[in-house]
Amino acid sequence: MSLRKFLDKIKPNFEEGGKFHWLYSTYDAVETFLYVPNTTSKSGVHIHDARDSKRTMVIVILALIPALLMGMYNVGYQHYLAVNAQVGFMETFLYGLLATLPQIVVSYAVGLGIEFAMAQMKKEEVAEGFLVSGLLIPMVMPIDTPLWMIALSTAFAVILAKEIFGGTGYNIFNVALMARAFLFFSYPSKMSGDQVWVRTKDTFGMGGGTVVDSYSGATPLGELAVTDVPRFADFSFSGITGEPLKLWDMFVGLIPGSIGEVSTLAILLGAVLLIVTNVGSWKTMLSVFLGGLFTITIVNLLAQNAVMGMPPQYHFLLGGFAFGAVFMATDPVTSARTEKGKWIFGFLIGMVAILIRVFNPGFPEGMMLSILFMNAFAPLIDFYVIDANIKRRLKRAAVKMKQ
């Protein structure tokens, strides 16, 4: 209550004629983040409740927390595996926290700084979309990405993939994936190879030994992409220590990879929250996996190498497949909005992702490019779904008139 009174007390200073009127957008952003606005529409038929866009974004952030925390732990886990050191749970998690936190801070500082500046220039409200994008960007980046690259890619994504289209709600492509795509094509050496996925340096003075002789920090998909084993049955994911990786390790998230994508278990926990709160579309999520399963089944039947022979469970547990299906494909702005369109949109994402993984060794991940590609077609999918619905209604109306 005291906070509410304090905000009401200082509000006149930010309104027209006040000392800081030029910072009203900043004040409004803070106030509406802390409290649900008490303003209502004077016309129209919209239904208002306590959940506005900011509250929706907070739910998505809460859904991301399990994957973020598991990703932080895995950063420390992979580090101490690589340097052949044994430490406790808290030391492992703390290392990952300290490695991840600067990336999150830089992402939010740059992205929100641009958002606030644009809002002030246009004298508009600060859009809330970056509350989620600011966390997603570091979660889809390799842990060893330099901070200046995080800043550069964030600025690129916010300005050229969002603001240039009109801001939140108007962007065609997913902002976080555009940031990753920018780095992927501009600085490929920092987005591929063994070194970028596992931090081996004792950056924070937390101890550690020497890097193990068998060290390979490549992601499992990257390892599979360069193998010369003819059949998947003869291939095993080795991991950092050279020991074969187990499906359980892949499911829990004890494998090299981006912070947010490693733990399918944590991602599924987030999916449950999104579905229960009706923030994320279960139809889109399920259709991504169905599209992937359909394509994998056909590819497995025609398998000519280890990549083509990889079973569905490995595809779903490795890389960003699950993370993309739950948190990227369901983006309400860049995905299909019609109910039938969501099924089509998700199914095609799953298909294209598997096709890229299998037939293009240069892009062993596939999910990022698949979602960005289908983002461009989402409006077209919705158009044809709506157009088909209109034609069916006109046909029914014509039949009734004849009767």
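**Rings, helices and buried residues**

Me: Where do Tyr 73 and Tyr 77 lie, and how many residues apart are they?
Reply: Both lie in helix α3, 4 residues apart, which is about one turn of the helix. A helix here is a DSSP run of H or I with at least four residues, numbered from the N terminus. An α-helix has 3.6 residues a turn, so residues three or four places apart point the same way. By the way, this is a predicted model: local features need pLDDT of at least 70, side-chain atom pairs count only at pLDDT 80 or more, and totals for chains, interfaces and linings use all residues. Residues are numbered from 1 along each chain as its sequence is written, and side-chain values use heavy atoms, with hydrogens and water left out.

Me: Why does Tyr 73 count as buried?
Reply: Buried means under 20% relative accessible area, exposed over 50%, and partly exposed in between (1.4 Å probe, protein chains only). Tyr 73 has 18% relative accessibility, so it counts as buried. Tyr 77, with 26%, is partly exposed.

Me: What makes Phe 156 and Phe 182 a stacked pair?
Reply: Their centres are 4.5 Å apart, with 25° between the planes, so the pair passes on distance and angle. This pair links distant parts of the chain, with Phe 156 in helix α6 and Phe 182 in helix α7, 26 residues apart. At 24% relative accessibility Phe 156 is partly exposed, whereas Phe 182, at 17%, is buried.

Me: How do you know which way α3 runs relative to α10?
Reply: The axes of α3 (residues 53-82) and α10 (residues 264-276) come within 8 Å and cross at roughly 170°. That makes the two helices roughly antiparallel. Axes are lines fitted to C-alpha atoms over the stretch in contact, and angles run from 0 to 180 degrees between N-to-C directions. Under 35 degrees is roughly parallel, over 145 roughly antiparallel, 65 to 115 roughly perpendicular and the rest oblique.

Me: Which residues of α3 and α10 meet?
Reply: Among them are Ile 59, Leu 62 and Met 70 in α3, and Ile 267, Gly 270 and Leu 273 in α10. Contact means heavy atoms within 4.5 Å.

Me: Why is α13 called largely enclosed?
Reply: 8 of the 8 residues of α13 (residues 321-328) are buried, so the rest of the structure largely encloses this helix. Phe 323 and Phe 327 are among the buried residues.

Me: What makes Lys 162 buried?
Reply: Lys 162 has 2% relative accessibility, so it counts as buried. Its place is in the loop between α6 (147-160) and α7 (175-186). Not counting residues up to four places away in sequence, Lys 162 touches residues including Glu 115, Phe 130 and Asn 171.

Me: How do you know that Pro 220 is buried?
Reply: Its relative accessibility is 4%, so Pro 220 counts as buried. Pro 220 is found in helix α8 (residues 220-225). Leaving aside neighbours within four places in sequence, its contacts are Phe 237, Leu 245, Ile 255, Pro 256 and Leu 318.

Definitions and conventions
Phe/Tyr/Trp six-rings, centres within 6.5 Å; stacked < 30°, edge-to-face > 60°.
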